[in-house]
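Subject: Structure handover

Hello,

Here is the structure you were waiting for. My notes follow it; please read them with the structure open.

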Amino acid sequence: MFRMAEYYAGKSVLITGATGFMGKVLVEKLLRSCPEVKALYLLVRPKAGQSMQQRVSEMMTCKLFDRVREDDPDFHRKIIPISSELTQPGLAISPQDGEKLASCINIVFHCAATIRFDEPLKHALQLNVIATQQLLSLAKQMHHLEAFIHISTAYANCNRKHIDEVIYPPPVEPRKLIESLEWMDDGIVRDITPRLIGDRPNTYTYTKALAEFVVQQEQDQLNIAIIRPSIVGASWQEPFPGWIDNFNGPSGVFIAAGKGILRTMRANNDAVADLIPVDVVINLTLAAGWYTAVHRPKSALVYNCTTGGINPFHWGEIEHHVISSFKRNPLEQAFRRPNANITSNYLINQYWILVSHKFPAFIYDLFLRLSGQKPQMMRIFNRLHKAIGLLEYFSSQDWEWNSENLNMLMSQMTPEDRKTFNFDVRQLNWPEYIENYCIGTKKYVLNEDMSDIPAARQHLRKLRNIRYTFNTVLVVFIWRVFIARSQMARNIWYFVVSLCFKFLSYFRASSTLTN
Ligand SMILES: CCCCCCCC/C=C\CCCCCCCC(=O)SCCNC(=O)CCNC(=O)[C@H](O)C(C)(C)COP(=O)(O)OP(=O)(O)OC[C@H]1O[C@@H](n2cnc3c(N)ncnc32)[C@H](O)[C@@H]1OP(=O)(O)O
Ligand SMILES: NC(=O)C1=CN([C@@H]2O[C@H](COP(=O)(O)OP(=O)(O)OC[C@H]3O[C@@H](n4cnc5c(N)ncnc54)[C@H](OP(=O)(O)O)[C@@H]3O)[C@@H](O)[C@H]2O)C=CC1
């Protein structure tokens with residue numbers, strides 16, 4: 001049997017979205033585990049005042065590449081950035097670059113997308129669907145192309161409860177939608193978006209479903225596979241546990257909980273939290289690339305890349321492990337001690353938002369105002385509420401994904417490849433993974449130093465003392481006001497005090513007798 005690294009040896013690979021979260025891990029893994037790969041062509045756009053060359057150079061200095069750098073300090077010679085803006089006609093690739101790609105590329109990994117849930121439909125369609133169509137056209141001109149791997153999402157068909165590894169009919173024929181939106185101004189498109197997306201929660205899942213159909217249209221001319229990861233989280237094992245570089249999906253929620261800002265969120269404790277580590281997704285993606293190129297299945301194969309059906313873990317358990325992990329390894333300058341509760345009850349959630357989010361924010365902003373500083377907490381909470389509002393759809397229900405193709409793929413790999421490109425999530429130990437994930441957000445997203453943990457713990461103790469003092473003062477104050485005004489409260493108070501006194505005398509008497 002062909003080993004995977006042998007297959008990738010001497011191959012030229014084209015990657016879109018290489019500067020993104022998953023793209024970076026893909027580039028790293030290819031360089032590290034397939035050291036004979038010939039070249040990685042990355043479609044990159046200039047951004048935020050940086051040229052594409054600068055962006056790629058900066059990316060390669062990232063800690064993620066430390067292991068590759070150790071193995072081969074010259075690894076960057078294999079990386080060839082190609083200037084490309086995917087929303088432009090022809091992907092804005094120069095004719096020379098187009099020719100070069102057509103003559104040398106063997107495998108395409110299409111990771112680029114807009115993953116924002118609030119993206120205007122026109123833009124999401126432009127990037128997730130039209131750019132995919134254009135990339136497929138480019139792929140058809142590649143003389144030596146062996147596989148085209150498209151990264152979709154397990155939630156592309158989230159309007160279904162059971163999702164098989166098939167491409168479902170699209171909600172609308174993409175070509176017709178593209179043509180009709182062309183003449184509409186942004187305001188009209190915004191107004192009709194809810195009607196168009198129907199029972200999907202956002203433009204992201206809607207356009208990813210359309211993209212799958214667009215990809216499927218080319219299955220007679222190209223060797224295609226579609227990877228559908230669920231909620232992609234920090235790495236499990238590679239290149240090191242807990243690597244993560246963004247606030248997307250659950251990461252932002254974990255950080256907000258660790259900082260003591262998020263105290264409540266609507267989620268179903270018993271629903272499956274279908275997190276999948278990024279290294280698992282990338283290993284599966286590379287295995288699918290190898291299998292598609294070598295075995296050339298007759299039609300496009302879809303791989304649901306999920307954990308729920310294989311090694312389930314629930315949102316309630318996630319909450320518990322995230323909070324206890326952040327108590328052991330606190331984030332710096334927490335607003336309050338980490339303590340979050342998830343509930344599926346709308347009213348309870350609203351109550352806690354008022355008591356645990358808005359009230360402390362109001363008090364803190366008042367304090368800032370009085371000390372001559374700019375108030376900021378209410379603004380932070382408003383942003384947090386917007387973000388978690390967009391995630392609630394995914395944390396309040398569960399889905400079932402079939403994973404037959406994933407199992408088939410694993411059975412086709414050699415034992416060594418199964419180790420090197422491990423995507424067997426049966427071995428995943430969730431508490432350990434969540435602990436590393438939380439530490440990863442601290443180290444790699446917030447760039448906090450682990451040596452500051454004692455000071456952060458000290459800060460949490462200070463917050464706990466402030467809370468105890470505040471609660472005691474509040475109780476005494478309320479009680480004083482109450483007792484002063486009500487005879488009944490006074491009677492209850494005397495009753496409770498005399499009861500306590502009786503108990504104390506009883507215990508003192510019984511302990512004297514036993515002695
Ligand atoms: C105790 C724990 C309990 C756990 C309970 C459950 C938790 C988890 C629940 C459910 C997870 C389910 C997830 C489903 C996933 C589906 C799978 C996929 O297929 S796709 C991938 C998913 N895609 C997204 O996650 C995009 C979501 N994000 C957005 O759509 C936008 O970012 C949005 C609307 C949330 C905010 O948009 P803006 O415009 O207000 O902000 P912006 O531009 O994104 O960010 C501005 C700055 O703020 C930071 N930021 C963003 N989110 C932050 C956060 N939560 N906390 C702190 N900072 C944050 C950013 O890094 C950025 O910083 P700079 O300007 O670059 O320096
Ligand atoms: N993260 C997740 O939880 C999940 C992600 N997925 C899918 O995985 C894929 C990768 O996601 P992820 O890495 O998280 O996303 P990121 O947002 O981190 O990365 C997106 C990538 O697409 C590139 N891109 C966006 N717009 C353009 C453009 N106009 N021209 C050129 N490049 C562009 C970005 O480049 P730039 O740096 O220039 O912005 C970036 O490299 C996506 O297809 C997504 O749908 C699926 C399931 C879950």
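Predicted model: local features only at pLDDT ≥ 70, side-chain atom pairs only at ≥ 80, totals over all residues.

A polar side-chain atom of Glu85 sits 2.6 Å from a nitrogen atom of ligand 2. The side chain of Lys47 places an N or O atom 2.8 Å from an oxygen atom of ligand 2. With Val232 the backbone takes part instead: an N or O atom there is 3.1 Å from an oxygen atom of ligand 2. On its own, ligand 2 would expose 890 Å², and the protein buries 89% of that. Helix H2 and helix H9 (203-216) are the elements that give two or more residues to the shell around ligand 2.

In total, 26 residues surround ligand 2, and the closest are Thr19, Arg45, Arg55, Glu85 and Tyr204. By residue class, the shell around ligand 2 holds 13 nonpolar, eight polar and five charged residues.

Now ligand 1. It has 25 residues around it, of which Arg116, Phe117, Thr153, Gly249 and Arg383 come nearest.

Taken alone, ligand 1 exposes 1,400 Å², of which the protein buries 72%. The shell around ligand 1 is made up of 15 nonpolar, six polar and four charged residues. Helix H10 (250-258) and helix H14 (377-395) each supply at least two residues of that shell. H14 gives the most, with seven residues.

Which domains does the shell around ligand 1 draw on? At least three of its residues come from domain 1 (4-237 + 273-311 + 400-410), and at least three from domain 2 (238-272 + 312-399 + 411-448). The domain assignment of the protein chain also gives domain 3 (453-512). The centres of domain 1 and domain 3, taken over C-alpha atoms, are separated by 59 Å.

- "Domain: Thioester reductase (TE)" is annotated in UniProt for residues 15-284. In the model, residues 15-284 are 40% helix and 14% strand, with end C-alpha atoms 16 Å apart.
- "Domain: Fatty acyl-CoA reductase C-terminal" is annotated in UniProt for residues 357-448. The chain over residues 357-448 is 70% helix and 2% strand, and its end C-alpha atoms lie 25 Å apart.
- "Transmembrane region" is annotated in UniProt for residues 468-486 and 492-509. Residues 468-486 are 95% helix and 0% strand, with 27 Å between the end C-alpha atoms. Residues 492-509 are 100% helix and 0% strand, with 26 Å between the end C-alpha atoms.

There are also some local points to check. The count of salt bridges comes to 20. One of them pairs Glu238 with Arg32, the closest N and O atoms being 3.1 Å apart. This pair links distant parts of the chain, 206 residues apart: Glu238 is in the loop between strand S8 (231-233) and H10, and Arg32 is in helix H2 (residues 21-33).

Glu238 comes up again in the backbone. How is Glu238 joined to Pro239, by a cis or a trans peptide bond? The bond is cis, with omega at about -15°. Pro239 is placed in the loop between S8 and H10. Leu91 is the other backbone point: its phi is positive, near 60°, in a residue other than glycine. Leu91 is found in the loop between strand S3 (79-83) and helix H5 (95-104). As background, most residues other than glycine have a negative phi, and most peptide bonds are trans.

Regards

How values were computed: Residues numbered from 1 in each chain as written. Chains lettered and ligands numbered in written order. Heavy atoms only, no water. Near = heavy atom within 4 Å. Areas by Shrake-Rupley, 256 points an atom, 1.4 Å probe, with all protein chains shown as cover. Helix = DSSP H or I, 4+ residues; strand = E, 2+ residues; numbered from the N terminus. Nonpolar A, V, L, I, M, F, W, Y, C, P; charged D, E, K, R; others polar. Domains from an automatic or database assignment. UniProt positions renumbered as here; feature names shortened; annotations may be inferred. Salt bridge = Lys/Arg side-chain N within 4 Å of Asp/Glu carboxyl O. Polar contact = N/O pair within 3.5 Å; in protein donor to acceptor, adjacent residues only side chain to side chain.
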